[in-house]
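Please look over the sequence and the model shown below before turning to the briefing. The points after it are grouped by topic.

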Amino acid sequence: MKHGLIEQKNGNWNIIEVKDGKIRDKADNSPDQIAVHTGWIDQVGQTAVCLPHNLVIQVMSGKENNEVDYNA
């Protein structure tokens with residue numbers, strides 16, 4: 001399992017988690033929590049979007065050795 005903190009100068013933050021070929025926005029301080037409520041994504045083309053933080057997580061390729069290729 002890997003965690004990453006994305007922190008912006010304006011105080012916005014997202015905690016991204018990657019585990020077993022899946023990825024999610026585990027927590028953030030956005031008002032609506034849409035990306036957090038999206039949950040785990042693991043299929044090519046799936047996205048989790050946090051518009052207030054200008055963050056889009058997109059699965060770019062399929063699973064290989066239980067990993068996920070993504071852009072965030």
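What follows is a short briefing on the predicted model, its strands, its core and a few single residues.

This is a predicted model, in which local features need pLDDT of at least 70 and side-chain atom pairs count only at pLDDT 80 or more, whereas totals for chains, interfaces and linings use all residues. Residues are numbered from 1 along each chain as its sequence is written, and side-chain values use heavy atoms, with hydrogens and water left out. The protein contains one helix and six strands, which run β-β-β-α-β-β-β from the N terminus on; helices (H or I, at least four residues) and strands (E, at least two) are DSSP runs, numbered from the N terminus.

**Confidence**
- The average pLDDT, the predictor's confidence in each residue on a scale from 0 to 100, is 88 for the protein, and 85% of the residues score at least 70.
- Among the elements, helix α1 (residues 34-38) has the highest mean pLDDT, 98, while strand β6 (residues 67-71) has the lowest, 61.

**The sheet β1-β2-β3**
- Three strands form an open antiparallel sheet in the order β1-β2-β3, where two strands are taken to pair if DSSP finds at least two bridges between them.
- β1 and β3 stand at the edges with a single partner strand each, so one side of each has no neighbour in the sheet.
- Neighbouring strands of this sheet are turned by 25° against each other on average, direction ignored; the axes are lines fitted to C-alpha atoms, for helices over the stretch in contact, and angles run from 0 to 180 degrees between N-to-C directions.
- Strand β1 (residues 2-7) pairs with β2 in the antiparallel sense over six bridges, and Gly 4 stands opposite Ile 16 in β2.
- Five residues lie between β1 and β2 in their hairpin, and Gly 11 in the turn has a positive phi of about 95°.
- β2 and strand β3 (residues 22-28) are also antiparallel, over six bridges; Ile 15 stands opposite Ala 27 in β3, and Asn 14 stands opposite Asp 28 in β3.
- The hairpin of β2 and β3 has two residues between the strands, and Asp 20 takes a positive phi near 50° there.

**Burial and the nonpolar core**
- Of the 72 residues in the protein, 29% are buried, where buried means under 20% relative accessible area, exposed over 50% and partly exposed in between (1.4 Å probe, protein chains only).
- The largest nonpolar core has ten residues, among them Ile 16, Val 18, Ile 23, Ala 35 and Ile 41; such a core is a set of buried Ala, Val, Leu, Ile, Met, Phe, Trp, Tyr and Cys residues joined through side-chain atoms within 4.5 Å.
- β2 (13-19), β4 (47-50) and β5 (55-64) are the elements that give two or more residues to this core, and β5 supplies the largest share, three residues.

**Single residues and rings**
- Ala 27, which lies in strand β3, is partly exposed with a relative accessible area of 22%.
- Ala 27 and Trp 13 are 14 residues apart in sequence, and their C-alpha atoms are 8.4 Å apart in space.
- Lys 22 lies over the face of Trp 40, at 4.9 Å from the ring centre, under a rule that asks for NZ of Lys or CZ of Arg within 6 Å of the ring centre and within 35 degrees of the ring normal.
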